[in-house]
Structure formats: C-alpha cells, structure tokens
Amino acid sequence: MTAPVSFSQRLRDQARRRPNDIAITFAPVEGAETTLSFAALDHWADALAHYLAALGAGPGRMVVFSLPNTPRHLALALAIWRCGACSLPITPRAPQAEFDATTALLDNPIIVADRPGAILAPAALPGPDAEAGPPLPDVIAHPGKAIGSGGSTGRPKIIVDPAPWARVPGKLGLLETNGLRPGQVQLVAGPLYHNSPFSWAHLGLFEGHHLVLMERFDAARAVDLIERHRVQFGFMAPTMMARIAHLDGIETRDLSSIEAILQTAAACPDWLKRRWIDLIGPDAVIEAYGSSEGAGFTLITGQEWLEHPGSVGRAIGGALRILGDDGCEVPAGVVGEVYMRPACYPAPTYRYIGAEPAKTTEDGFVSVGDLGHVDRDGWLYLSDRRTDLIITGGANVYPAEVEAALTEQPGVGDAVVIGLPDPDWGKRVHAIVEPTAGAALDEAALIAALREVLAPYKLPKAIEFTSHLPRDESGKIRRNALVTERSAVQL
C-alpha cells in the first residue's frame, strides 16, 4: 500500500511532473482572468513558507489568515502546511470583536490579516515572483486544518481536524461518492474561509484539479465560467443553486460538462433539487449531509432522491441513530436528534477550542444539534436545527419547511423564517423575504398561497420584505441576530 503523502509534497510532485499545467484560473470581480501553473504555485508556496518559518511557523503553531478568495489564499495555506503548521482561515468580513474573540482562543498564533494586532498584513507577503530559497524539508502537518465557527449562537469556537494532513494520491475512497475524481476542472464558487470550499479546493489540487476560483460568487458569472472552462465538479450551497436556477434563459445554457455538483451546507428545497435534476441530470446532482466535526455523513444522488424525495441520504462510512430527549432510539418516522458515528471510531474526528465537546453517547455517536427522522430503510429526512425550531402555541414549526414553501412561490428569491417572542403564542412565525429582481410581492397574497401547502399553525403571522438578506458568502445566516434586531424594535 502506498504511504500517505503530505499536501506540500504532493504539490512538489505535481510541479515536477506537469509544471506548465494550469493549477488555478482566478476570476476576479473586476478585470481579466489570470492563471497560475503548478510550478508557479509550488514556487510561491516555497517563498511563503520561508517567510512564515522566519516568523516561527512550524509544528504545533496555528497560523490564522484572513484573506478574500484569491490565489494567495490557496498558496498561503499550502505554505503553512509546508512549515508543518496548522491553518485557520477566517472571513475578512468578520466584525473586529468577533475576530478578536476567535483569535483570543489561541495560544501565540501567527495572524495574517488587515487587522489590529496582526503580525503582518496580506500585502506584505511575498508575491508569486519572489525568490523562494531552497526547498524546506517535507513535513506532515499534524494537525493541519482548523475552521472557525460561530454556530447558531454566534459564540466563536474553533474546530480542529486532529488527523495528519496527508493522503494517498488517487485513493479517493468516499470522496469518489461525492463526485470527485482526479484531473477534473473544479469551480470554486464559495468562500475559502468556509470548510467545504476550502477542503474541496485543496483536495482538488491534491488530485491534480484545475481550479476555477471566483473572487466572489455571482450566478451569471458562474454559468459563464462553467461553459468557458468546461467545469466538471463543484460545491454549491443551496443559495447559490437557487440564484443560478432563477437566471433568465438558464435552460439554454451549456452545462453538459458537469459531472457532479455537490450540495451541502443547508437544506435544499424540493423544487430546487428538481430544477437542478432537470438542468444537469439526476446522476450529476449529489447531496451530502454532515458537519465540520466530521462525525459522519449521509449521501444521496439525484436518482435516489427522486425515489426518496426530501431525503438527505443514508449513512455512508459510519452509522446513524435518531435519539429522543431521553437518549433512547426512536422508531422510524419519529423526529428526534440526529447522532452519527464515524467509521474511524474510536479515533477522534475533531477537537474544539473555545467550546465543550458536542453531545456524545457512551458508544461514540455525536450530535451537532440537528433534528430529523429516518424511514424503515434508513433514509434520513432532516427537519431543522434544534436551535432554530420554533415552538408556537405548543406546536413545532421547522423554519426550513416554511422557507422551502416560500422560495417555491413566483417572485421569491430568498427567504428566512424566524420565531419572534409573542405573549400569546410563546413564539410567532415571522418570515423575511427577498424578492427576485423586479418582482412586486403582496403579503396577503403570499400567505394565501402558503395556505395551500402548509398547515395553519406553520403560516407566518407576518412577512417582512427586504432588498437583501444578510447571508454570508457561504449562504449561511445568523437567525439569532435577526431575532435580536426585531425583538429590540418591539421593545
């Protein structure tokens, strides 16, 4: 069996064997596309690694970097691993207080950011043409990756992947079930501070992908890039998929190169899943459900979804249980908390910094707070996160269900549903809707349309219209902040 190879050594190998092949095509918001070959990327990683090593980067040290989507982001991560250090990407858009709270959790980090207290600004880093110096000795970063998370509460924590940052080239294993294969053209449309785009981009480089990196997601630009570069693989959050689906004339665009669009990060409404199945075929639509903690995941193809509509798949590479509040497994069809155990158990799949470990059973099943049920054949159907559940008049309302019904209505581009304090109901269902461009929506008419598909207690008591929902670049939104803002107005 071939031994695992560090991500740093793998880049060196690629640069030696295929120096002039394109590793990254960068599509900035403004200006022309630029390219970087494997040899150029390897040279840049060497230059950056020497620079970081002089600052003390090495095994046991965390390097925090806060950069937008650029080739520098990818090269810097590779340089961090070349030093044997652990990478922690953080969004450049984080409020200063949140950034400070996250970095305060770390012991003596190296911080690369345009922020007070940073060791250096990104602009001070060596560029791709800088002198590199002799190659550093190969080392496997252990750990190699950490991801910052505010979760649904907004309290920062850091999730550290404790595994050695190395793989066996070509041994895809479960990655292949997600649609990844060596040598693909991969669209990187999501923000690299987010776990999924970051991981898939670097896994792609490891397997010889040509990455088409977007500085910022734009639906029309993404379709242009798919056509021009014959993109074969990409990760997308449902928000991205919806914005592409809403494009005028999308049915006439050439998406035939796509082998797999992998969707995770949030619930995908049924209408949106069917729309993408119509656009690129069921075999190319793949949905995975899991968490940054890596405790386990489920998978479902488009064809399987047509046979089990609404499901997020069956457990793969691990085991799944649905437990009630008493900790006992509930029967098929009954909603409970989703617990998963990875195939590598009892080896840990994550370590928290700044938070207590996730709820775990005595035999190693982990929950990150999601609710759902399984059918008799083991297909998982998610309801929502426990923290997002709205209990109104004693009845449970899952925001994802109401949001799915809203976004299926003509003229609705995006929607978020929250529970606001109410003296009679405990919580009342409140919807915030972003119309599509040029759409004129009426609150009463929209609620009337929802009556056709939702039970009365699930209907929003009010619908608020906004020109822009405050989602981050990964498509996520902090509901607790929306609740706090609207509760303060009521007071």
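View 1. A nonpolar core is a set of buried Ala, Val, Leu, Ile, Met, Phe, Trp, Tyr and Cys residues joined through side-chain atoms within 4.5 Å. Buried means under 20% relative accessible area, exposed over 50%, and partly exposed in between (1.4 Å probe, protein chains only). The model is predicted: local features need pLDDT of at least 70, side-chain atom pairs count only at pLDDT 80 or more, and totals for chains, interfaces and linings use all residues. Residues are numbered from 1 along each chain as its sequence is written, and side-chain values use heavy atoms, without hydrogens and water. The largest core holds 56 residues; L41, F65, L76, I80, W81, V112 and W200 touch the most other members. Helix 3 (residues 71–82) supplies the largest share of this core, eight residues. Helices (H or I, at least four residues) and strands (E, at least two) are DSSP runs, numbered from the N terminus.

**View 2. Surroundings of I80.** Leaving out residues up to four places away in sequence, I80 touches L52, V63, F65, A85, C86 and S87. Contact means heavy atoms within 4.5 Å. Another core lies apart from the largest one; its 36 residues include V185, A219, V223 and M240.

**View 3. The second largest pocket.** On a 1 Å grid over the protein atoms alone, a pocket is an open set of points with protein on both sides within 12 Å along at least five of seven lines; a cavity is a set where a 1.4 Å probe fits but cannot get out; lining residues have an atom within 4 Å of a point. Points are joined across faces, edges and corners, and a volume is the space filled by probe spheres set on them. This pocket has a volume of about 430 Å³. Of its 20 lining residues, R216, F217, R243, D472 and E473 lie nearest the centre. Helix 7 gives the most to the lining, with three residues.

**View 4. The largest cavity.** The whole structure has three cavities of 30 Å³ or more. The largest has a volume of about 80 Å³. Among its lining residues are Y289, V338, M340, V366 and D370. Strand 18 (336–342) and strand 21 (366–367) each give two or more residues to this lining.

**View 5. The second largest cavity.** About 50 Å³ of space lies here. F7, R10, L11, Q14, L78, L205 and F206 form the lining. Helix 1 provides the largest share, four residues.
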